[in-house]
Amino acid sequence: MILLPALFSHYRRHPLQLVALAVMIVVATMLWTGVSHLTDQARASLGQSERAVEERRQVERTDGQEVTVQDFVTLRRAGTCVMPWLEVVRPAPAGRMIGIDPLAAACFQDGSDGVERWNQPLDGKPFLDISEAAAMAGSADGVRSELSLLVPDRSDPSLFPPGYRETAFSLGPDTGELGDSFLLNLDALGFLVLLITALLLRSVYHLGIAQRRDSFVLLQRFGVQRSMLNRMLVLEIVLLALVCIVPGVWLGRLLAGTVGGGFGQALEGLFDIPLYAGQGETWLIPVLTMMAVVVSVCLADVLKLPGQALLHPSPRRIRMLALAVLVAGLVLALLASSLATVFLAVALVFAGAGILAPKAIAGVARWQAGRQQEPLKRWHYSELGVLARRLVLPLVALQFALAMVLAVQALVTVFEATFDQWLSQRLAADYFIEVPAGADNRPAVEWLQASQVLSETGQWHRVVRGEARLVAESGEPEQTVDMFAVAPVSPMLRRWTLQSAAEKAWPEFRAGQGLMVNEQLARRHAFAVGDTLSVVVAGEPLSLPVLGVYPDYGRPAGEVLLNAEQLPDSFVPSFESFSISPGRASMAEVTAGLKQVWNVEHLTVRDNQRVRALADAVFDQTFLLTRAMTFVTLVLAAIALLIMGWVFFSTRVWYFQLLAVWGMRRRELAGQLVRLSVTLTVGIAVLALPLGVWLTWVLVHRINPLAFGWSLPMAVYPEFWLELGMLSLIVGLSIAGLMRRQLRRPASMPTSASGQTGGER
């Protein structure tokens with residue numbers, strides 16, 4: 001059939017365009033599939049998080065002795081579902097490793113599927129087989145180890161052998177919905193990747209269609225009907241998409257598998273998500289999604305609607321409409337009360353900014369060209385306007401990618417600073433000692449107050465957790481909230497950062513003259529500093545002013561902070577502990593003293609510095625993943641603009657060579673090309689800055705509070721703006737360098753100065 005060779009002869013003459021289109025489809029599919037696969041994998045784990053947290057239970061001996069391997073054997077022989085958890089702490093820089101037994105953990109998951117997942121090899125970061133951990137524990141001096149025996153929550157304590165009981169087991173700080181917040185950001189990244197992908201593919205394919213229109217007209221003159229031509233082009237798109245998307249999906253899953261190990265460990269160690277959580281994603285969804293994206297963006301150039309010319313408004317109307325859409329999006333984002341409305345506002349703002357940015361560059365260039373008296377400068381600005389009009393789609397894609405990377409970078413940096421600050425507050429004490437079940441805290445308080453060990457440099461306070469009920473205006477208790485009580489108010493507490501506070505918040509709190517609330521409760525009920533809050537604790541009412549609002553990231557529940565001296569004598573805590581920083585004293589002396597006071601052989605002591613180190617390590621893996629994905633997206637947009645710029649510049653070589661004919665030296669001509677390309681890329685980077693700052697504001701002040709009830713501090717990082725500016729400069733210089741090489745080749749005059757192949761003057 002002659003039609004196929006004639007139709008596809010364009011790619012024989014321009015193989016670079018076919019390669020560029022195919023490579024971009026593969027890379028974009030790989031990137032989006034990797035992000036989607038990781039996010040779906042993590043979401044499947046988070047879907048089991050509540051059950052997983054409840055399953056974090058352990059078995060202890062009733063005689064207060066530490067559990068041993070022999071206890072594990074005894075429990076297993078008695079038919080108890082139990083898994084050993086051996087924590088080995090080595091001197092820096094080796095750090096902490098955790099030994100587990102995958103075979104013993106098979107009973108944690110119903111069905112054989114769970115057994116297969118736990119039988120997978122461990123990679124040692126920080127989980128490894130318990131035999132290796134045991135060997136590591138006895139390998140050298142200075143290595144500390146602690147064994148815990150985990151059981152699922154569905155275990156029946158009455159079936160335990162005599163001498164054992166079930167207690168809570170905490171693996172890390174309670175970050176709750178902080179994991180959901182990161183997944184929401186990854187989802188937003190995935191949607192932006194799809195948008196940028198669509199713009200890039202559309203730009204490359206549009207250029208190819210524009211250059212092939214003369215051949216399409218010739219084929220129609222030879223009798224090929226337009227409908228047949230359209231069907232062949234649709235077939236071309238579908239075949240190209242299938243050939244490129246399938247390997248792209250495979251590469252994306254490979255990418256997700258490569259980085260998924262570290263991401264999975266981050267979720268396991270930080271968000272209390274089980275290692276055996278299901279994955280369950282098929283190839284069908286990413287293939288169909290990318291097929292829909294590729295086909296839809298390419299069909300716009302193939303299928304032309306009747307009366308299309310009537311649908312083209314004037315440039316002035318387009319600008320006015322884009323400005324109206326932009327303003328509507330900004331107002332909607334400010335007033336939105338739901339996530340769907342905020343996402344709609346983001347779409348409107350991006351649409352308006354994407355239309356206005358290239359037009360703004362072209363308008364400024366036209367205005368500057370009219371003010372110039374020197375012909376060469378007038379030509380420079382006129383040519384800049386032509387480039388802005390002809391490279392609209394890749395320029396907008398680069399603008400969106402720069403804005404997205406700027407926002408994600410700022411968000412991740414804010415998360416790092418906020419999480420570090422939050423951990424510093426929640427883990428202010430060096431050690432955390434649980435009050436043994438059934439023990440009285442008063443002898444321990446008296447011993448700590450009189451202790452010579454802590455009197456000079458040590459600090460401590462008691463932590464009590466329970467429930468309270470808010471009192472409605474009618475006087476009836478209406479809602480149960482978490483209660484967090486401390487006493488005495490040590491300097492460790494006074495270092496907390498409060499979002500808002502009374503002038504003498506901590507002295508008044510220490511005197512029992514008020515309480516504090518977390519951000520979630522303050523937002524939910526519109527509480528502010530100075531308002532009177534009425535709560536019922538153990539049946540007794542308390543009415544106290546709000547002295548401060550403290551951040552409580554990652555927890556959906558409302559919480560009140562009280563001075564423990566205000567608690568009624570009838571109050572029964574659900575959990576009680578002591579936070580202790582011994583200073584120059586020895587923690588071993590403190591532990592020995594409390595064991596004697598409570599008359600127990602074993603105390604649950606948590607080294608908060610070790611918890612802090614693990615949380616920082618696994619969180620860094622998540623940050624690294626997010627940064628890597630955004631960086632690849634930015635590189636994809638930059639490469640697309642580089643390819644498009646090179647291809648488009650090649651259509652204008654004849655015009656540039658005219659400057660040499662008119663007497664301009666080749667070095668001067670190369671300088672003009674550098675100024676043109678750099679002005680274009682740096683200009684779009686400057687226009688991306690306000691969009692990126694606004695997107696950062698939406699993420700931290702609109703999306704996060706609406707989704708989770710707590711906000712992050714807003715911060716911008718101008719030093720990162722310079723990095724993006726340098727990247728734009730490199731892209732511009734690369735385009736100029738490629739164009740300089742093309743100037744050495746002979747170029748023919750374009751057949752039509754007004755065609756869509758780059759002949760605009």
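This briefing describes the overall make-up of one protein model and then a selection of its local features.

The model is predicted: local features need pLDDT of at least 70, side-chain atom pairs count only at pLDDT 80 or more, and totals for chains, interfaces and linings use all residues. Residues are numbered from 1 along each chain as its sequence is written, and side-chain values use heavy atoms, with hydrogens and water left out.

**Overall make-up**

- The protein contains 23 helices and 16 strands; helices (H or I, at least four residues) and strands (E, at least two) are DSSP runs, numbered from the N terminus.
- The protein has 761 residues, and 51% of them count as buried. Buried means under 20% relative accessible area, exposed means over 50%, and partly exposed lies in between (1.4 Å probe, protein chains only).
- Of the contacts between residues at least 6 apart in sequence, 82% join residues at least 24 apart; a contact means heavy atoms within 4.5 Å.
- The accessible surface amounts to about 34900 Å², and carbon and sulfur atoms account for 59% of that area. Accessible areas come from the Shrake-Rupley method with a 1.4 Å probe, and for residues only the protein chains shown count as cover.

**Salt bridges**

- Seven salt bridges are found in a search of the whole structure; a salt bridge is a side-chain nitrogen of Lys or Arg within 4 Å of a carboxyl oxygen of Asp or Glu.
- One of them pairs Glu60 with Arg165, with 3.6 Å between the closest N and O atoms. This pair links distant parts of the chain, since Glu60 is in strand S1 (residues 57–61) and Arg165 is in strand S6 (residues 164–168), 105 residues apart.
- Glu60 is buried at 14% relative accessibility, whereas Arg165 is partly exposed at 31%.
- Another salt bridge joins the side chains of Asp71 and Arg61, at 3.0 Å from N to O. Asp71 belongs to helix H5 (residues 69–77) and Arg61 to strand S1, and the two are 10 residues apart.
- Asp71 is buried, with 3% relative accessibility, while Arg61 is partly exposed, with 23%.
- A further salt bridge connects Asp440 and Arg442, whose closest N and O atoms are 3.2 Å apart. Asp440 is partly exposed, with a relative accessible area of 32%, and Arg442 is exposed, with 57%.

**Surroundings of Glu60**

- The side chain of Glu60 also makes a polar contact of 3.2 Å with that of Gln58. A polar contact is a pair of N or O atoms within 3.5 Å; within protein, one must be able to donate a hydrogen and the other to accept it, and residues adjacent in sequence count only if both atoms are side-chain atoms.
- Leaving aside residues up to four places away in sequence, Glu60 touches Val67, Gly163, Tyr164, Arg165, Thr167 and Thr604.

**Strand S11 and its partners**

- Strand S11 (residues 515–518) is covered on both faces: Leu515 and Val517 on one side, and Met516 and Asn518 on the other, are all buried.
- S11 runs parallel to strand S13 (residues 540–550), to which four bridges join it; two strands pair if DSSP finds at least two bridges between them. Leu515 has Val546 as its bridge partner in S13.
- With strand S14 (residues 559–563), S11 pairs in the antiparallel sense over two bridges. Here Leu561 is the bridge partner of Met516.

**Nonpolar surface patch**

- Leu323, Val327, Val331, Leu334 and Leu335 make a nonpolar surface patch of about 470 Å². Patches are made of residues with over 30% relative accessible area and no salt bridge; like charges are joined within 9 Å, and nonpolar side chains (Val, Leu, Ile, Met, Phe, Trp, Tyr) within 5 Å.
- Leu323 lies in helix H11 (residues 315–335) and is partly exposed, at 40% relative accessibility.

**Backbone features in loops**

- The peptide bond between Ala487 and Pro488 is cis, with omega of about -10°. Pro488 is in the loop between strand S9 (477–487) and helix H16 (491–494).
- Ala526 has a positive phi of about 55°, although it is not a glycine. Ala526 is located in the loop between helix H18 (519–525) and strand S12 (532–537), and it is exposed, with a relative accessible area of 61%.
- Ala538, not a glycine, likewise has a positive phi of about 55°. Ala538 sits in the loop between S12 and S13 and is partly exposed, at 37% relative accessibility.
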